[in-house]
Amino acid sequence: LKLPPDRGTREAAALQPGAMAAPLWGPGPAAWHRALLALLWGALACQTSAQSVKQDGTSASGLRFPEPGPSAEVVLFERREFAGRRVRLECCGETQLKAVLKGADMRSAHSLTVSSGLRAVFRSQALLSSESGLTRDFEAFGNISSVNDIISVTRERCCASVQITKAQHHQEDTSVFLFSEEGFKGDVVAYGQGDHGHPPLPQIGSVRVPAGFHATFRFSLELTAFSAPDMVLKGDSWRFPREDTSASNETRRHHDLPVLSLSVRRVQPEKLHGLWLYFGPGFRGRAQFLASGEHYNYSDTWPEVRSVWPTNWTYGRFLTAQGPVEIREPTQELQGNLTRPQGVEVKAHCEPEDFCGPHGRCVAPQKCSCDGDFTGSRCHLMDPDSTSAILCDQNAVAVGETLVCWLLPRHQNTPCNATSILLRVDLAEELLDSSQLFGSPLIKSRLGTSITGQEDYDSDAFRFEVVFNRTGRFSQPLVMSVIRRAVQGTHVPQLEVLERCDQPGASAAVRCGAAQAVGGSARHGCNLTISKGGAPLRCPVRALRLLLLGKKGRRQLLDLRADGHGPAAESFAFALGERQAKLGLKTTRFRLEVDHGLEDAQVVPVTMVQAPQQSQKPQASAASSSLAGAHELLRRGDYAGAIRALEVCKSSVPCLRLRAELLGRLGRFAEADS
């Protein structure tokens, strides 16, 4: 990370040109009652590390922290929001925390409290082996409700050690200053990094936020009828609560609302992408930081900017009356109209140029800001909603058979890409103890972690597998969740789980009827049933292969059709021609294979219960004349007459095919199916 030199040294130069620094408590007859009012506010406020003084000038450096009390201490908590086990540390000195935390049965600290007047400097320990020697310091002058705001919990742990000392002086580059009047005048209080209570000021007129820090203000809503969310200041506010560089004058939502509390945080250095602006040449003086990806108005209350330092992969466009000027390298001395531009655009590089795609824009190196409902590191993802669907390869499966299913994410009825990190699939509650999901990162534990060991990925279709060990019909066997919340209304297939048709003791029977004349040839209508112990078994038709065995090992695959036109049935129809019927007179001429997903299909013995009767040579019937008559009516355009003419030849395949086609054209689909 490219950082400007000597960031730790800041001159106490006045932010407003020509301003004079005033005595600590300032002259004037009203000084004493202003001091008394500040003390009264401090007595009513929560415990805080702020100090209130009279400050008529613009330089606020040098404010002292209050003296710590005799019981001042630092307390480390196991969980966020000051919950769980705790460790107490007295002032002052340095403590190695590994043994201390272990003694309290704590792996790390996730929140902490620092008594008023103390300064605690923590050293976080990197977790990755390649960075085992790296540490990062952060300091706290008040309570920290979540250490995760300070360090990255995926790469670091709090903490290796802590050094506790008495807090001395506030500095302009590390503390936030609150003034009672506009223009950084009046009474002033200062806050270091931490969470603090109600400021001891009757009102806040202006705020100074050092570069690289954020100040979050929370407002009291007891006297308001609308919602006023937390406000985050990332820079100075000459007229609070409006930020100096804001392009909007909208401040009514927070104007005149009492500040309930505030938090001060230093931004992690690796997350600082943008421009450092200095009001002195050679990167000297108090700095302001403009984050990349935004447009800023140059405040009239600011002095001239004299030097600029862009971070890696960022650059600035200074908007002047003569046009925009780009600054891509550190510049120690700005000249001409660049010292007071009309505005500044801070941009970042992303590679390739279309890194953020058509639905986002580059706001920081390799970081996108997404439009609308798009999310993801490259704005290529969306959060699926109730229009998503779960589809399976089959609607009828046998017990123990692997069923392949797909989750198809959709957003507002449009297919979209999603990430498996946010998605999960669960079994219905009635199936939790008798079935199992596997084969996908969508299968997660109660804590939300993948239990399959597969890596997460982005896609518009996610494959997973399920095995059922309980028979029955299930209307909602699967549940889709987004961010651990079940999505109601998602399309889920209705599934039927059947007994296995290849189980030991199962047998099959074939029954064939007398031959009928069909299309000028004789065909036998046959029926196949599978049973066990005399009870019929309901089987998926796709799992069955009925073969007619011929001479010299020849095999003919017969076309099985489930009765009822469903995916499974107890009876299956097929047809034999005259020559095929002669081969199938013996029971050994049929072979039934049942495939429920095992490596090899299982063979079920077949018995010929009723042999096909030999038919006489078919004679010409009324079918031919009916078919010819129907064709003649069609030439005349009489569809209804042709359908009636075909009713008399229902046993003829050409008649049935033509009649079904005509019914379909007339929209009578149910009759066409039958």
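Which residue lies over the face of F184? I started my notebook with that one, and the answer is R208, at 4.9 Å from the ring centre. A reminder to myself before going on: this is a predicted model.

**Entry 1: rings and charges**

I stayed with F184 for a moment. Ring pairs link F184 with F179 and W238 into a cluster. Then I looked up another arginine over a ring and found R328, which lies over the face of Y315. Here the distance from the ring centre is 3.8 Å.

**Entry 2: aromatic pairs**

How many aromatic pairs does the structure hold? I got 13. One of them is formed by Y278 and F283, and it is edge-to-face. I noted 5.9 Å centre to centre and 75° between the planes. Both Y278 and F283 came out as buried.

F574 is in strand β49 (residues 571–577) and F590 is in strand β50 (residues 590–594), so the pair ties together parts 16 residues apart in sequence. Are these two buried or exposed? F574 is buried, with a relative accessible area of 2%. F590 is buried as well, at 6%.

**Entry 3: the sheet with β50**

I found an open sheet of four strands, in the order β46-β45-β50-β51, with antiparallel pairing. At its edges stand β46 (555–557) and β51 (602–604). Each of them has a single partner strand, so one side of each is left without a neighbour in the sheet. From one strand to the next, the twist averages 35°.

I zoomed in on one pairing. β45 (residues 544–549) and β46 run antiparallel and are joined by three bridges. Across that pairing, L549 stands opposite R555 in β46.

**Entry 4: D502**

Last stop, D502. I found D502 in the loop between β40 (495–498) and β41 (506–518). Is D502 buried or exposed? I put it down as buried, because its relative accessible area is 14% and buried means under 20%. The side chain of D502 makes a polar contact with the side chain of R500, at 3.1 Å. Leaving aside neighbours within four places in sequence, I listed V594, H596, L598, Q602 and V604 as the residues in contact with D502.

Notes. Residues numbered from 1 in each chain as written. Predicted model: local features only at pLDDT ≥ 70, side-chain atom pairs only at ≥ 80, totals over all residues. Heavy atoms only, no water. Helix = DSSP H or I, 4+ residues; strand = E, 2+ residues; numbered from the N terminus. Buried < 20%, exposed > 50% of the residue type's maximum accessible area, 1.4 Å probe, protein only. Polar contact = N/O pair within 3.5 Å; in protein donor to acceptor, adjacent residues only side chain to side chain. Contact = heavy atoms within 4.5 Å. Phe/Tyr/Trp six-rings, centres within 6.5 Å; stacked < 30°, edge-to-face > 60°. Lys NZ or Arg CZ within 6 Å of the ring centre and 35° of its normal. Pairing = 2+ DSSP bridges. Axes fitted to C-alpha atoms, helices over the stretch in contact; angles between N-to-C directions.
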